[in-house]
Amino acid sequence: MNVLKTTNLKKYYGDGPGRVKALDGVDLEVQKGEFVAVVGTSGSGKSTLLHMLGGLDYPTSGKVEVEGRDIFRLKKDELCIFRRRKIGFVFQSYNLVPVLNVYENIVLPIQLDGGSVDKVYVQNVIKLLGLGEKLNNLPTQLSGGQQQRVAIARALAAKPAILLADEPTGNLDSATSQDVLGLLKVSGDRFGQTIVMITHNEAIAQLADRIIRIEDGKLLSKGGDHHG
């Protein structure tokens, strides 16, 4: 089942000869439970793509469907609610709330949405990510790798349809990066989570089920399954 589908997705900036085609007709399908890496250099359009997939920015044309819903046909406030319930984000810069402890950070999106926390599930996420002994710590008391694990737990806690990771290990050293991404992959497998990650790092991309390359706003390869 397709959880995510884009159809002829375009994002242009400016007009005339100086117009930048950040995305130039992207067709992408992601199946439920799949872990897809989108690889591209700086300026290739990968961040723009992630922002479109997450409903953070509007395309020039084309559509993005999450669980069959065309997200840009939703009204702004509907899109905001949809995003909060259906899309988990993990950014390079953790984005934790400094005055809240680890547990409060993890369940914050659910509480903001007025939902009830599935405590057993959240405890499983916490355990899998090795955060059990850190729940009362503030983000400043954690290493970068631990903070990013908290951000992953927060994204998973709301059971989103799709988790979008934007250079999730950009601020971490290579050993910690492998550790954090290994946990992201295991979490995806364990909880049947669909993950789309953008990165410029080939070694990290190898952990995904499928690698898609983007260059000048176009997808170069759909990529098949690979094991490595």
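How do the residues of the lining of the second largest pocket divide into nonpolar, polar and charged? They come out as six nonpolar, three polar and four charged, where Ala, Val, Leu, Ile, Met, Phe, Trp, Tyr, Cys and Pro count as nonpolar, Asp, Glu, Lys and Arg as charged, and the others, Gly among them, as polar.

Before the close-ups, a word on the model. This is a predicted model, in which local features need pLDDT of at least 70, side-chain atom pairs count only at pLDDT 80 or more, and totals for chains, interfaces and linings use all residues. Residues are numbered from 1 along each chain as its sequence is written, and side-chain values use heavy atoms, with hydrogens and water left out.

On a 1 Å grid over the protein atoms alone, a pocket is an open set of points where a 1.4 Å probe fits, with protein on both sides within 12 Å along at least five of seven lines; a cavity is a set the probe cannot get out of, and lining residues have an atom within 4 Å of a point. Volume here is the space filled by probe spheres set on the points, with grid points joined across faces, edges and corners. K159 belongs to the loop between α5 and β7 (162-166); helices (H or I, at least four residues) and strands (E, at least two) are DSSP runs, numbered from the N terminus. K159 is not a glycine, yet its phi is positive, about 50°. Most residues other than glycine have a negative phi. With a relative accessible area of 44%, K159 is partly exposed; buried means under 20%, exposed over 50%, and partly exposed in between (1.4 Å probe, protein chains only).

Y121 is buried at 11% relative accessibility, while F191 is partly exposed at 22%. The Y121 and F191 rings have centres 5.2 Å apart and planes at 75°, so they make an edge-to-face pair. Rings of Phe, Tyr and Trp (its six-membered ring) pair if their centres lie within 6.5 Å, with planes under 30 degrees apart called stacked, over 60 edge-to-face and the rest tilted. Since Y121 sits in helix α4 (residues 119-128) and F191 in helix α6 (residues 174-191), the pair ties together parts 70 residues apart in sequence.

The structure holds three aromatic pairs. One of them is Y58 with F72, tilted, at 5.2 Å centre to centre and 50° between the planes. This pair links distant parts of the chain, 14 residues apart: Y58 is in the loop between α1 (46-53) and β4 (61-66), and F72 in the loop between β5 (69-70) and α2 (76-86). Y58 is partly exposed at 35% relative accessible area, whereas F72 is buried at 16%.

**View D. L74 and its contacts.**
L74 is in the loop between β5 and α2, and at 11% relative accessibility it is buried. Leaving out residues up to four places away in sequence, L74 touches R69, L79 and F82; contact means heavy atoms within 4.5 Å.

**View E. The largest pocket.**
This one has a volume of about 370 Å³. Its lining is made of 14 residues, with R84, I87, F89, P109 and R154 nearest the centre. Two or more lining residues come from each of α2, β6 (87-90), α3 (102-112) and α5. The lining divides into nine nonpolar, two polar and three charged residues.

**View F. Q148 in helix α5.**
Q148 is in helix α5 (residues 144-157) and is buried, with a relative accessible area of 0%. Setting aside neighbours within four places in sequence, its contacts are V90, F91, Q92, Y94, P168, L172 and V180.

**View G. Helix α1.**
Six of the eight residues of α1 are buried, so the helix is mostly covered. The buried ones are K46, T48, L49, L50, M52 and L53. After α1 comes G55, with a positive phi near 70°.
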